[in-house]
Each structure stands twice: as C-alpha cells, then as structure tokens.
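Hi everyone, thanks for making time for this. I'd like to walk you through one structure, a few residues at a time, so please have it open while I talk.

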Amino acid sequence: MKLLVVIGVLISTVSVNAQESHADPAAADHAAPLLGTIDFPVTASAASQQKFIRGVLFMHNFHYPEAAAEFAAAEMLDPSNVMAYWGEAMTYTHPVWNQQDTTAARAALAKLGPSRDARLAKAHTERERLWLEAAEALYADGGTKAQRDTAYSLAMSRVFQHDTTDIEARAFYALSLLGLNQGDRDPGTYRRAYELLSPAFKAHPRHPGLAHYLIHSVDDPDHAGLGLAAANAYGEIAPAAAHALHMTSHIYLALGQWDDVLKANFRAHATLPNGQLSGHGSHWINYSLIQLGRYREADHWLDSMVRQAKTTTSPDRKQDSWNAAGIMAAASVVDSHRYNTRAAFVRVDTTYFNAASYTEAMVDLSGAEFGYGMAALKRGDRGAVDSVITYLEKLRSDAASDATKATSRGFVEVMAMSLRGYKEWDNSKLEDALKTFREAAALEASLPMPFGPPVVIKPPRESAGELLLLMKQPAAAKAEFTRALARTPKRVAVLLGLARSEKALGNREVSRKLYREVLAIWHNADAKLPELVEVRNGSR
C-alpha cells in the first residue's frame, strides 16, 4: 500500500549541459535542471525534441506539473510531435500513488486529434503508434481504473516487446506493473518490475527512471538491500529533483539507516523556498530524528508543521500540513513516551484534512487519532480514548462498501484494535490485551506491506512484546520482538525490547550487543533521554 501525502515539490535550477538525446546539440537548453540522462528520440524538430526530453526527465522524477509544462512547450514548437501529446497525457497518471485524472488526460490527447483513430493516424512510425495506443488504452472510455491500468500495462508490454533494447519502453512498462495493484504492494508483480529494471540500471546508471522505479519495486524490509545501489546513486543522478533526493530514503528507512534517511530528506528540504515545509518529507525527518533520540529537533519540525498548517493560505498546503502534523505528533507521543508535551494535544483540523481527501487519507487520520488517544489514555482521560475508538470504528464502517479502501480499512481496524488492547491493559486485563494485540498483529501481517514509517503508529507485535515483558514472559516477548524487527528493521523500540528480553533470559552477551546497537543509533541523542542510562549500562 502506498500511503502518500501529495506535495507540490519545487525544483531548483542550475546551469548544466544539455541532457543526452538525438536532438541537435545546438538547440540544447543550457539552463536545464540536473534531472538525469535519457535517450528518447522522437520525430520532431530539434527544439521540440529538447522540450520533450526535459518533460520525460521531469516525469521520471515524478515532478508532474513541470513535465506537463515541458510537453506543452514541445507541442507549441512542433505541433506534429505526436509524442509530446502522449507525454502531456501521461503526466495525469501517477501509478505508484494510485492517482489518475482522466478528464485532463483526455483533454491533452484531444489536442492531437478528435478521436482515437485520428490520433493514431498521425503517428510517424510504428513505434510511435504503439506508444499512442498504450495511452489510448489507459484513458479509454468505460471500465474501471483498475481495468484500464491493466489494459495499459498489456499495451506497454507490446511496446517493450516491439524493441526490447528500448530503455524507455522497459522503464515505463516496469512502472505500469507497479501500478497494477492500485497502490498496494503485490510481491510478485513488484518482483517482475525489479527483474526488468535491475539489468538495465546497471547498463544505464544515469537513467533517473530506472533508478527511481527500481527503488519503488524493492522499498520493503525483505528486499531493500536490492535497491541500495540505486538509492546511493539516485540523489546524484537527479540532484535538482526534490522527489529524487527523498526517494533514496525509501531504501534507507527500510534498512533502518536512520542517519541516511535524515540526510536524504534534509537535502530534499533544501530545494524548497526558505520557510516552506513539505509534509511528506518533514514526516520522514521527524520520524528519523525520533529514532535517533533527537527529540528536541523532532519537536522543532513538528511545531513548524503545526504553525504552517494554521497559517498557510494555500488550501493544498493546509491539507498537506495538517495531514503531516497529525502523524508526526502521533509518532512523537507514542515512540518517545511523552504524553504531556505539546505533541500530545495536537488534533488534526478535519475541516482541511479529512478521511475523504484521498484513498488512504483515513489511515493517516487514524494514525493521528491513535496518537491522541494513547496520550489521553496515559493521562487518564478515558472518555477521550472511547471517543477515538468510536471514531476509528466509524471511519472503517463508512468505507465498508468501497472496494478501493479495503487495505485502508484493514489498517484502521488494526489501530482501533490496538487502542482497545491498551485500554484493556490499563484496566489490568492483561491476557485480554495480549490476545487483542496478537489479533491486531495477525491482521496487520495479512495486509500489503506499506513503505516508509509505520502506518500503524505503534505496531501491535511490538505492543505484545512489551506487555509480555511486564508479564514476566521474556521468551515469548523475544519471539514477538523478533517478528516485529523483521517488519521494522532497527526500530529502536524493538531493539530495546529485544535487549530487555535477552537480559531477562540471562543472555548477557546478546543483550549487551543489542544495547550497543541502540547506543550507536543514539550517537547524537539528547543528553537527557530517559532510556540513555539503561542503554549505556546495558552496553558495558
């Protein structure tokens, strides 16, 4: 599942040589952003070809508005450049984000011709006709989005089979596979995409699409190691693309490389205008700072996001900011065990961000509510906890008939169950709480693996382990933490739980090694971190 905050990412412009293409080098735009290198010849004037190349580069880096502008410019420079119309239409589908604007896409295609047949007749070559046919399949009248995405992927397979040496066909075919499951991760399909991309990336190490889509195909803990080379390279392939800089952290986070997650998102943030925050990037910065034990810095980012949410006049930025503020506050409260700080009282303004904002919005909003509910429980405000549980159950119930929200409903139910488990724990019903946590963990494990920080703010397998430690069952706790670590590598709460379990079992050397791992992660942690004394003593 792809949980996304849609952000308007801005590009910094630097002076570089033109990107590689078959166009006349004399027509190069020497102020082109550093976005990577591709070779995608089309039948067009040299000037139109250059704009087309820049459009594809922007599109490979998921900077869709900028891509659309470049394709429109290519159309103006050479109205016979049929691939420019293809490109503009394609900017309105975002496969891994599960987004598609068919109205805008069809309007872009209509500029080329009034009908499918009229448009296809303008193709200069069989190759260009195949590319246009793929776009026509994607935006055909009738059928569901899932059906049209499937038809498009089949059409892209034909483009690829027409010339398997065509790197652009390979890249866009792989991307179409990533979009087949409507934003959810399907391991088999993602593996097919990886197998298409991996050898091509080795042969074309400056291609932004190959690196980008390869990262998306393996950005889960089980496969992230396969994407490390692409992650290390992508930020240097397209250093002017904020999304490219952020994307590297998909692999780093899946591997628990917290310093690298932070560095990547700091670089992405540096491309934005002074004072502006990206909700998605700030969320990842906040989460990595919490893992690194740098709570004071994390609080600064949260406070800034709440301030932006309250003061910005842009409707899109206000929605984005409230979304980010809610999940940032929840992680801050739950992972740092600080239940009376400002973060504990952050409540999303649902006037601007609500469960209908986009397909997965109910999950982000539920995560924010979960954090608020946990803080209320620890403060003894049981009425607020009951209110949150009721709200989560209503969100899930309201979406019961929406097939596109099946995965989202599942994650909301996991958080509702977990909060009920904590309420049972608070009422000293420990066996009931343990049963609830385990049921929630089983449900979570049955859902598609999401990328990024845990969408279930407190993973229930982790909760079960902590409860078992309290119940003096360290062996069972160790088993829960071991399973939790596989899903969230190097998450500090899990490493601490394992260290405590091993210590209770008398496995001093293993425990010492785990405490040392936490201490290494906390190499620059706040000096007054509550667990720091325990970690230092345990590491000796």
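Let me start with a question: does Asp-526 count as buried or exposed, and at what relative accessibility? Asp-526 counts as buried, because its relative accessibility is 11%, and the cut-off for buried is under 20%. Keep in mind throughout that this is a predicted model.

Now for the partner of Asp-526. Arg-296 forms a salt bridge with Asp-526, and the closest N and O atoms are 3.6 Å apart. This pair links distant parts of the chain: Arg-296 is in helix α15, while Asp-526 is in the loop between α24 (508-521) and α25 (532-539), 230 residues apart. Arg-296, at 63% relative accessibility, counts as exposed, whereas Asp-526 is buried.

Asp-526 also brings us to Arg-294. That residue is in the loop between α14 (279-291) and α15 (295-311), and it is buried, with a relative accessible area of 10%. Leaving aside residues up to four places away in sequence, Arg-294 touches Leu-262, Leu-289, Asn-524, Ala-525 and Asp-526. Arg-294 has a salt bridge too: its partner is Glu-297, with the closest N and O atoms 2.7 Å apart. Glu-297 counts as partly exposed, at 31% relative accessibility.

Staying with charges for a moment, the total comes to 36 salt bridges. One of them joins the side chains of Asp-141 and Arg-106, at 3.8 Å from N to O. Here again the pair links distant parts of the chain, with Asp-141 in the loop between α6 and α7 and Arg-106 in helix α4 (residues 102-110), 35 residues apart. Asp-141 is exposed at 70%, and Arg-106 is partly exposed at 30%. There is also a network of salt bridges that links Asp-335, Lys-458, Glu-462, Glu-466 and Arg-491.

Two charged ends are placed over rings. Arg-347 has its charged end over the ring of Tyr-372, 4.0 Å from the centre, and Lys-378 has its own over the ring of Trp-425, 6.0 Å from the centre.

That takes us to the aromatics. How many aromatic pairs are there? The count comes to 20 aromatic pairs. Take Phe-40 and Trp-131: their pair is tilted, with 5.2 Å centre to centre and 45° between the planes. Phe-40 lies in the segment before α1 (46-60) and Trp-131 in helix α6 (residues 126-138), so the pair ties together parts that are 91 residues apart in sequence. Phe-40 is buried, with a relative accessible area of 0%, and Trp-131 is buried at 0% as well.

Compare that with Tyr-64 and Trp-97, which form an edge-to-face pair, 5.8 Å centre to centre and 85° between the planes. Tyr-64 is in helix α2 (residues 64-77) and Trp-97 in the loop between β1 (93-94) and β2 (99-100), 33 residues apart. Tyr-64 is buried at 5%, and Trp-97 is buried at 13%.

Phe-40 and Trp-131 also belong to one aromatic cluster, together with Phe-52, Phe-71, Trp-86 and Phe-172. Phe-172 is among the buried residues of helix α8, so let's look there next.

Helix α8 (residues 167-178) has twelve residues and reaches 17 Å from its first C-alpha to its last, close to the 16 Å expected. How many of its residues are buried? Twelve of the twelve are. Their cover includes α1, α3 (82-90), α6, α7 (145-162), α9 (187-203) and α10. At the start of α8, a side-chain oxygen of Asp-166 comes to within 3.0 Å of the backbone nitrogen of Glu-168.

Asp-220 is buried, with a relative accessible area of 5%, and a polar contact of 2.9 Å joins its side chain to that of His-223. Its C-alpha is 8.3 Å from the C-alpha of Gly-452, a residue 232 places away along the chain.

Last stop, for those of you who like backbone angles. His-337 has a positive phi of about 60° although it is not a glycine, and Lys-472 also has a positive phi of about 60° without being a glycine. His-337 is in the loop between α16 (315-336) and α17 (361-378) and is partly exposed at 38%. Lys-472 lies in the loop between α21 (460-470) and α22 (474-487) and counts as exposed at 71%.

Methods. Residues are numbered from 1 along each chain as its sequence is written. This is a predicted model: local features need pLDDT of at least 70, side-chain atom pairs count only at pLDDT 80 or more; totals for chains, interfaces and linings use all residues. Side-chain values use heavy atoms; hydrogens and water are left out. Buried means under 20% relative accessible area, exposed over 50%, partly exposed in between (1.4 Å probe, protein chains only). A polar contact is a pair of N or O atoms within 3.5 Å; within protein, one must be able to donate a hydrogen and the other to accept it, and residues adjacent in sequence count only if both atoms are side-chain atoms. Rings of Phe, Tyr and Trp (its six-membered ring) pair if their centres lie within 6.5 Å; planes under 30 degrees apart count as stacked, over 60 as edge-to-face and the rest as tilted. Helices (H or I, at least four residues) and strands (E, at least two) are DSSP runs, numbered from the N terminus. A charge sits over a ring if NZ of Lys or CZ of Arg is within 6 Å of the ring centre and within 35 degrees of the ring normal. The expected span of a helix is 1.5 Å times one less than its number of residues. Contact means heavy atoms within 4.5 Å. A salt bridge is a side-chain nitrogen of Lys or Arg within 4 Å of a carboxyl oxygen of Asp or Glu.
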